[in-house]
Amino acid sequence: MLSHDRVWAAIDALAERYSLSASGLARRAGLDSTAFNKSKRLSSDGRPRWPSTESLAKIIEATGASLDEFTGLIEGRMGAAPAYRRSVPLLGFAQAGAGGFFDDAGFPAGQGWDLVELPAQSTESSYALQVQGDSMLPLYRNGDVLIVEPGAATRKGDRVVVKTTSGEVMAKVLERQTVKSIALVSLNPDHPDRDIPMRDVEWVARIVWASQ
């Protein structure tokens, strides 16, 4: 029997099956991160609020689940969830530098990205950037995958990816960050260190893992 509680329970189960929270699942599907919050499941007068068919279609597409799998979660006929490795969006540095690919917080916007499986260091807010070119040698080579964590706390010595308001994207070592500027040490001695005013910085994301 299709019921309000079972549909929402299936959304929660699908999120858990793919190692996501409800908000992480919504963000992965290109929806508002609060779309599946507990508070959104009832209207202000206490009546059940159902998820839209569009949002259901988007989470099925974003996770790669089948309609039968989701229906099985609603009906309670799916067994224990198999072990899934976390998969997150994979972008190239050229995409990262182009407009429209990120929201204001530094998360990939929209959907349709290639996905890559990640190690345990990743979280629901992580995504992957693929190194292009030799500007990050000798530490990172062309084709290496960097796992970055937007919003993660950073400190001196951390490896970070920084995007400027002009669209430049770079991976460097954090030397210093204040409210006025950020100082970055180049990974490649052939490329200069940088001291960038914070007004020119769009976002900073800490590198938590690399595929070396």
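**Contacts, burial and fold**

Biologist: Which residues does Arg 41 touch, not counting residues up to four places away in sequence?

Modeller: Contact here means heavy atoms within 4.5 Å. With residues up to four places away in sequence left out, the partners of Arg 41 are His 4, Trp 8, Asp 12, Ala 22, Phe 36, Arg 47, Pro 48 and Arg 49.

Biologist: On what basis are such values given?

Modeller: This is a predicted model, in which local features need pLDDT of at least 70 and side-chain atom pairs count only at pLDDT 80 or more, while totals for chains, interfaces and linings use all residues. Residues are numbered from 1 along each chain as its sequence is written, and side-chain values use heavy atoms, with hydrogens and water left out.

Biologist: Where is Arg 41 found, and is Arg 41 buried or exposed?

Modeller: Taking helices (H or I, at least four residues) and strands (E, at least two) as DSSP runs numbered from the N terminus, Arg 41 belongs to the loop between helix 2 (22-28) and helix 3 (53-63). Buried means under 20% relative accessible area, exposed over 50%, and partly exposed in between, with a 1.4 Å probe and protein chains only. Because its relative accessibility is 7%, Arg 41 counts as buried.

Biologist: Which residues is Ser 181 in contact with, leaving aside its neighbours within four places in sequence?

Modeller: Ser 181 lies in strand 7, which covers residues 181-186. Its relative accessible area is 14%, so Ser 181 is buried. Beyond its neighbours within four places in sequence, Ser 181 contacts Arg 176, Asp 195, Ile 196, Pro 197 and Met 198.

Biologist: How many Å apart in space are Val 131 and Met 170, C-alpha to C-alpha?

Modeller: Val 131 sits in the loop between strand 3 (127-130) and strand 4 (145-150), and Val 131 is buried at a relative accessible area of 2%. Along the sequence, Val 131 and Met 170 are 39 residues apart. In space, the C-alpha to C-alpha separation of Val 131 and Met 170 is 9.9 Å.

Biologist: What pattern does the chain follow when read along the sequence?

Modeller: The secondary structure comes to five helices and nine strands. Read along the sequence, these give the pattern α-α-α-α-β-α-β-β-β-β-β-β-β-β.

Biologist: What share of the contacts in the chain with a separation of 6 or more comes from residues 24 or more positions apart?

Modeller: The chain has 212 residues, of which 43% count as buried. Among contacts with a separation of 6 or more, residues 24 or more positions apart account for 58%.
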